[in-house]
Amino acid sequence: MPVRFRKVSDAIGAEILDVDISQPMSDATFREIQQIWFDHNILLFRDQTRLAPGHQIEFTRRLGTLETHTLPQYSHPDHPEIFIVSNVKKAGKNIGAPRSGRNWHSDGQYLKRPNDGSFLVAKEVPPEEGDTMFANMYAAYEALSPARRKEIEQLKVVISRIKAYPTSYPTRPPLTAEEKARVPDVIHPLVRTNPATGRKALYVGGDVSWEIVGMPHDEGRALIKELRDYATSDPFIYRHHWREGDGILWDNRCTMHCATSFDEERYRRVMFRTTLTGSVPF
Ligand code: SIN
């Protein structure tokens, strides 16, 4: 029986129906799901409450190689492949990365080989807010006029995790020298081709997109901001309100996402993320 799915919004995303990822999955079913992912860029799986870390790792591994985050202090103590995003503290220590991803970005954009995809599973969620927004970067690129596409197609962006970190994470301790050594500045194209589909997408990213190669700094930043604001405007985005047991798989090569705030004094939010390694963007 074919995998059933439905679109979650006009902009992006599909919900896979009747699939429990904790159960064995045939290659045929897996391949169908993977194709729906390529076609819809993000996939929602509801009610994955039986999904143990091992199942999450196993499922993501079928899509590619897993990466351990450059900040391993936020990894699951027994499963380093799982990066925890959380406001919860145990014995005064954060169990995961607090306030992670509160700006539009795609994972690992600051790496030479950014992450192909990420799978985020909601373990504990606030009853209100704490949503995640997703933007369709193919659609944003394709909606530009041919002349505008031609103007920007060859541009390259200097990506700097080190320069952006204090703005992105003002409440976290600064990066140590060792952490900085893991994330030297890199240069990526402003428009990238997703090798899985052959389609082109805008690749403007978040705070880490520092400047445009060969353009005066302020002019480059203004262009990055203009394109980011455009790509994250209503026609291109979906906002997801999490339920416990939701899992969302996204393709970082053609989407951006942005976590939103919630009342951190009142509520706990615990999310487990597995992340795929990637290849050099072109
Ligand atoms: C992330 O950027 O990977 C985390 C997003 C979220 O917690 O909603």
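Mentor: Keep in mind that this is a predicted model. In it, an N or O atom in the side chain of Arg-269 lies 2.8 Å from an oxygen atom of the ligand, and for Arg-273 a side-chain N or O atom is likewise 2.8 Å from a ligand oxygen atom.

Trainee: And what about Thr-132, how far is its polar side-chain atom from an oxygen atom of the ligand?

Mentor: That distance is 2.5 Å for Thr-132. As for cover, the ligand taken alone exposes 260 Å², and the protein buries 100% of that area.

Trainee: Where does the ligand sit, then?

Mentor: The ligand sits in the largest cavity, and the residues that surround the ligand include Val-85, His-105, Asp-107, Trp-250 and His-257.

Trainee: How does the shell divide into nonpolar, polar and charged?

Mentor: The shell around the ligand has 4 nonpolar, 4 polar and 3 charged residues.

Trainee: Switching topic, how many aromatic pairs are there in the whole structure?

Mentor: A search of the whole structure finds 8 aromatic pairs. One of them joins Phe-45 and Phe-59, whose ring centres are 5.8 Å apart with planes at 80 degrees, so the pair is edge-to-face.

Trainee: Which parts does that pair tie together?

Mentor: Phe-45 belongs to strand E3 (residues 42-45) and Phe-59 to helix H2 (residues 53-61), so the pair ties together parts that are 14 residues apart in sequence.

Methods: Residues numbered from 1 in each chain as written. Predicted model: local features only at pLDDT ≥ 70, side-chain atom pairs only at ≥ 80, totals over all residues. Heavy atoms only, no water. Near = heavy atom within 4 Å. Polar contact = N/O pair within 3.5 Å; in protein donor to acceptor, adjacent residues only side chain to side chain. Areas by Shrake-Rupley, 256 points an atom, 1.4 Å probe, with all protein chains shown as cover. 1 Å grid on protein atoms, 1.4 Å probe; cavity = no way out; pocket = protein on both sides within 12 Å on 5 of 7 lines; lining within 4 Å. Sits in = over half its atoms within 2 Å of the grid points. Nonpolar A, V, L, I, M, F, W, Y, C, P; charged D, E, K, R; others polar. Phe/Tyr/Trp six-rings, centres within 6.5 Å; stacked < 30°, edge-to-face > 60°. Helix = DSSP H or I, 4+ residues; strand = E, 2+ residues; numbered from the N terminus.
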